[in-house]
Amino acid sequence: MNYQLQQLRAEIAAAAARMIAQDGADYDTAVRKAAQRILGNTRFTGDQLPDTAQVEEEVRQYQALFQADDQPGRLEHLRETALQLMDALAEFHPHVTGAVVTGTAGEHDDIHLQLFAESTKDIEIYLLNKNPNIEISETPHFKGPRYDPVETISFLYRNEAVHAQLYELDDLRGAKKLRADGRQVRADAAGLRALMSGEAN
């Protein structure tokens, strides 16, 4: 990769990270907006855009510089809340994903869970019985666009927004893979405890 392209990616990543940390923008939206701001009306190609790992690292740096007083406490609170909920949902093999796992969760972040069961209807009924004020939507399958989207149930738990994606039990086999950069994509309760105790990255 040439130096100019590296610089462009770094600039886009830094601009996207500010949007994510300050405003809670999702990664894809933030990268697109950052590219548009930097390149103007020039059409950009995929190789000009930073990958998730690069943007995530910029978010970490931004938080370390500008949110060091608040972000660590917010992350700890979200992890503790997620763990309490995961313990309550243990029969559905809960895994937490997103910024709560990567360590970049801030004031705008919610808790994202993936639940697994022989019948996703069992999970839906269980959650509905616990909290009648749920919202149902769809989320892309973690295995990619070749798979159908999965039902996602959103609700409040201890005043935090939770988004629980419902998967078939067979999908659990593909849930253990690490990201290309070696970081965890998701963690079960034991994995989250290890993160909280500093035993994992």
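A pocket is an open set of points on a 1 Å grid over the protein atoms alone, with protein on both sides within 12 Å along at least five of seven lines, and its lining residues have an atom within 4 Å of a point. The model shown is predicted: local features need pLDDT of at least 70, side-chain atom pairs count only at pLDDT 80 or more, and totals for chains, interfaces and linings use all residues. Residues are numbered from 1 along each chain as its sequence is written, and side-chain values use heavy atoms, with hydrogens and water left out.

**View 1. Centre and lining of the largest pocket.** The lining comprises 46 residues, of which D26, Y27, T52, G98 and A99 lie nearest the centre of the pocket. Its volume is about 1,400 Å³, taken as the space filled by probe spheres set on grid points that are joined across faces, edges and corners. Elements supplying at least two lining residues each include α1, α2, α5 (99-102) and β5 (160-168), while α3 gives the most, with five. Helices (H or I, at least four residues) and strands (E, at least two) are DSSP runs, numbered from the N terminus. By class, 15 lining residues are nonpolar, 21 polar and 10 charged; Ala, Val, Leu, Ile, Met, Phe, Trp, Tyr, Cys and Pro count as nonpolar, Asp, Glu, Lys and Arg as charged, and the others, Gly among them, as polar.

**View 2. The second largest pocket.** This pocket holds about 190 Å³ of space. Its lining is formed by L85, A88, L89, Y126, L127, K130, N131, F155, L156 and Y157. Two or more of these residues come from each of α4 (71-88), α6 (120-130) and β4. Eight are nonpolar, one is polar and one is charged.

**View 3. Helix α1 and its ends.** The 21 residues of α1 (residues 3-23) reach 30 Å from first C-alpha to last, close to the 30 Å expected at 1.5 Å a residue, the expected span being 1.5 Å times one less than the number of residues. At the N-terminal end, N2 caps the helix, with a side-chain oxygen 3.2 Å from the backbone nitrogen of Q4. Just after α1, G24 adopts a positive phi of about 75°.

**View 4. Buried residues of α1 and α4.** Buried denotes under 20% relative accessible area (1.4 Å probe, protein chains only). In α1, the buried residues include L5, L8, R9, I12 and M19, and the buried residues of this helix pack against α2 (27-39) and α3 (52-66). In α4, those buried include Q71, R74, L78 and L85.

Notes
Buried < 20%, exposed > 50% of the residue type's maximum accessible area, 1.4 Å probe, protein only. Contact = heavy atoms within 4.5 Å. Polar contact = N/O pair within 3.5 Å; in protein donor to acceptor, adjacent residues only side chain to side chain. 1 Å grid on protein atoms, 1.4 Å probe; cavity = no way out; pocket = protein on both sides within 12 Å on 5 of 7 lines; lining within 4 Å.
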